[in-house]
Amino acid sequence: MSMFKIVEKEHFSENVVKLVVEAPMIAQSRRPGHFVIVRTGEGGERIPLTIADADLKRGTITLVIQAIGESTRKICALETGDCLTDIVGPLGQATHIEKVGTVVCCGGGVGVAPLLPIIKAMKEAGNRVVSILAARTSELIILEKEVAEFSDEVIFMTDDGSKGQKGLVTAGVEAVIEREKVDLVVAIGPAVMMKFVALTTKKHDVPTMVSLNTIMVDGTGMCGACRVTVDGKTKFVCIDGPEFDAHKVDFDEMIMRLKAYN
Amino acid sequence: MNTDNNRDAKWREELRSALSAKERTSIPRAVIPQLDPKFRVHSNHEVNQGLSQAQAVLEATRCLDCPDPQCIQGCPVSIAIPTFIKNIERGEILTAAKVLKQTSALPAVCGRVCPQEKQCESRCIYNKMKKQPVAIGYLERFAADFERENIKANNIELRPSAVEKNGMNIAVVGSGPAGLSFAGDMIKKGYNVTVYEALHEIGGVLKYGIPEFRLPNVVVEAEIDGLRAEGVNFVKDCVIGKTISYDQLHQLGYDGIFVASGAGLPRFMGIPGENFIGIMSANEYLTRINLMGAGRPGEDTPVLKGNRVAVIGGGNTAMDSVRTALRQGSKTAMIVYRRSLEEMPARVEEVHHAQEEGVEFMTLCNPIEYLADEKGRVRAMKVQRMELGEPDASGRRSPVPIEGAIEEIEVDLVIVSVGVSPNPLIPNAIPELEISRRGTIVVNEESMRSSIYDIYAGGDIVRGGATVILAMGDGRRAAAAMDKELMKQEK
């Protein structure tokens with residue numbers, strides 16, 4: 001009876017998969033920044049995934065998953081026609097979108113997927129959008145075309161220099177801030193990347209927003225597994241977030257807590 | 001099947017005159033068979049095994065069938081207690097079960113988890129005679145279990161009750177005890193009822209919170225199947241206020257909404273080190289194990305294990321957590337509670353079971369800081385020793401720190417069970433809804449109606465953190481009031 005049927009699957013790279021899944025109710029209520037909790041199989045774990053896109057006509061949502069553990073590997077192994085056992089959402093607070101001027105959107109690895117709806121919405125709100133896509137190597141850059149469609153400029157940063165400039169995302173951010181007035185930075189990617197983007201923009205006093213992907217169980221505020229310290233106070237990523245002021249997040253604690261089950 | 005509550009019915013008069021009060025009161029209260037503590041701490045089997053039929057009939061014989069039964073007053077859902085007990089005495093167990101179902105959607109659950117010693121049994125006439133009260137809870141459980149086993153053994157097909165449908169649609173938010181109780185009453189009144197659940201399983205706290213050894217899932221499942229057979233529609237994976245908005249519920253044609261979304265938000269103490277790895281809420285710990293099956297073969301969800309586990313708090317959830325820790329293989333499991341054993345809010349039976357199983361009780365102790373190893377994993381807690389001072393607002397003697405009495409205690413897993421706050425999802429999603437300072441939905445105490453005309457609410461989202469039976473009582477009252485209101489509008 002499951003209605004969460006996979007209607008399209010695309011391999012972005014060996015370990016990164018895009019799934020377009022039937023979830024009409026979520027498709028119509030989701031906004032940029034929202035996430036869902038997904039479960040695969042009867043003994044499946046509940047894991048949070050950010051929504052990359054939605055198609056109202058088809059009643060679908062798009063998820064981008066990187067196989068890093070047991071549960072994500074199971075999801076990535078599903079094929080078109082298969083069903084996800086459970087999807088619940090949209091959860092979390094939607095991104096606050098307004099016209100602020102110039103917005104730099106930094107995406108690291110699969111973080112580009114949840115960044116895409118924010119890029120779109122920021123552009124539609126009338127902002128100048130400069131997107132910086134960063135990855136270890138060129139094959140791991142995803143959604144390049146889609147990002148370019150809604151950005152005034154796209155900068156690529158790779159660790160090995162195989163695409164764009166060689167270097168970390170922070171170098172790209174720094175370069176843009178030095179050449180023009182930046183009003184907002186949005187960074188989504190691995191925790192350590194967001195930490196260093198936050199440190200960089202703090203130096204220049206540019207407001208910065210990050211979307212955190214912590215361990216969760218229910219995703220509705222019930223368990224507290226996702227708690228992070230923001231501005232000295234404990235917050236729940238699932239209901240208070242997932243987006244927070246990057247300059248106030250205790251990234252070291254967050255990175256430590258991500259290793260709870262490693 | 002005659003479920004008549006008339007005390008003057010012929011069979012009841014005959015039953016009463018069959019034995020004298022003296023003969024009845026001379027029977028000792030039944031002792032419920034329990035699994036050996038040494039065996040049960042290594043298993044998930046239910047601790048209380050339930051009365052045999054002979055035991056139940058004998059226990060039912062103790063009940064004096066009082067002319068003015070006070071036990072009913074002590075029951076939040078006003079079960080016709082003497083009627084069901086006398087049906088057990090005369091051997092009409094299935095009728096007894098039907099009597100229970102008239103007022104309680106979940107008798108097999110209530111018979112297990114209700115604090116009867118504070119409710120029905122506390123009002124029993126036997127207390128006045130300085131004797132142990134009639135074991136109403138054990139009898140409730142017996143009748144409900146008997147019915148369930150009878151249905152299973154005889155492959156009886158459950159059918160909806162023959163009520164004429166009134167064509168009106170009701171949405172229920174949350175499938176815990178308040179929501180199920182409300183749904184059960186409304187379906188019997190002829191409404192179309194849909195229950196929305198955020199999780200992937202129906203049952204709310206009965207599934208994610210209360211452990212198998214106290215409330216087996218098959219018992220909960222059977223009660224839910226009963227409601228399903230009556231025609232209640234269940235939708236899982238759906239968060240009202242997120243997946244479907246309040247306005248959309250109207251577009252879907254709902255005439256009334258009952259919010260029973262529970263006490264979703266675990267409280268922490270706000271002390272240094274509380275976010276170290278290995279410190280989690282009781283909600284997280286119990287959800288991982290009860291709902292997600294962590295530690296069982298074929299289940300992907302992990303849970304941290306500890307050799308020395310401290311559970312902070314003294315309520316039923318704390319007892320559930322500490323006893324779960326023992327079953328997860330911890331060598332030492334302790335309760336850390338800031339008052340004394342006497343003030344502990346947990347049921348006496350749960351404390352007793354925990355003691356039998358070897359749980360250590362560190363009372364008059366309050367954690368003030370956690371310490372971790374270089375990887376951020378908790379390794380010790382600092383506790384402040386307390387002594388009891390003057391009574392506080394709750395009437396309990398309040399704990400006061402003993403100056404300088406701070407100890408460091410080695411622990412590798414800490415479960416924080418110091419209460420929950422109401423889940424903010426619904427209050428956030430419906431800004432017009434009147435919310436108390438504590439974050440609970442404000443309702444009229446009689447009707448359970450909120451500040452919005454078609455929204456009623458009950459259970460922990462209104463109470464902030466109470467019991468299964470109080471939540472069920474809310475569901476019943478809300479159903480009665482909503483029905484009255486909708487019928488009035490209809491005319």
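A polar contact, as I use it here, is a pair of N or O atoms within 3.5 Å, and within protein one of them must be able to donate a hydrogen and the other to accept it. I keep in mind that I'm looking at a predicted model.

**Entry 1: polar contacts between the chains.** I looked across the interface of chain A and chain B and got 21 residue pairs in polar contact, both partners at pLDDT 80 or more. Then I asked which parts of chain A touch chain B. Helix 1 (24-29), helix 2 (70-76), strand 6 (86-91), strand 13 (227-230), strand 14 (233-236) and helix 8 (251-258) each supply at least two residues. Strand 6 gives the most, with six residues. I sorted the residues on that side of chain A and got 17 nonpolar, 15 polar and twelve charged.

**Entry 2: salt bridges.** The rule finds two across this interface. I noted one of them: the side chains of A:Asp86 and B:Lys236 meet at 3.5 Å, N to O.

**Entry 3: extent of the interface.** I have 44 residues of chain A in contact with 41 residues of chain B. The buried area comes to about 3300 Å², and carbon and sulfur atoms give 55% of that. Which three residues supply more of chain A's share than any other three? They are A:Met222, A:Arg227 and A:Tyr261, with 22% of the area that chain A buries against chain B.

**Entry 4: strand 7 of chain A.** Next I checked residues 102-108, and seven of the seven are buried. A:Thr102, A:Val104, A:Cys106 and A:Gly108 point one way, while A:Val103, A:Cys105 and A:Gly107 point the other way. Strand 7 runs parallel to strand 8 (residues 128-135), and seven bridges join them. I looked up one partner: A:Gly108 is bridged to A:Ala134 in strand 8.

How values were computed:
Residues numbered from 1 in each chain as written. Chains lettered and ligands numbered in written order. Predicted model: local features only at pLDDT ≥ 70, side-chain atom pairs only at ≥ 80, totals over all residues. Heavy atoms only, no water. Contact = heavy atoms within 4.5 Å. Buried area = accessible area lost by both parts, 1.4 Å probe. Salt bridge = Lys/Arg side-chain N within 4 Å of Asp/Glu carboxyl O. Polar contact = N/O pair within 3.5 Å; in protein donor to acceptor, adjacent residues only side chain to side chain. Helix = DSSP H or I, 4+ residues; strand = E, 2+ residues; numbered from the N terminus. Nonpolar A, V, L, I, M, F, W, Y, C, P; charged D, E, K, R; others polar. Buried < 20%, exposed > 50% of the residue type's maximum accessible area, 1.4 Å probe, protein only. Pairing = 2+ DSSP bridges.
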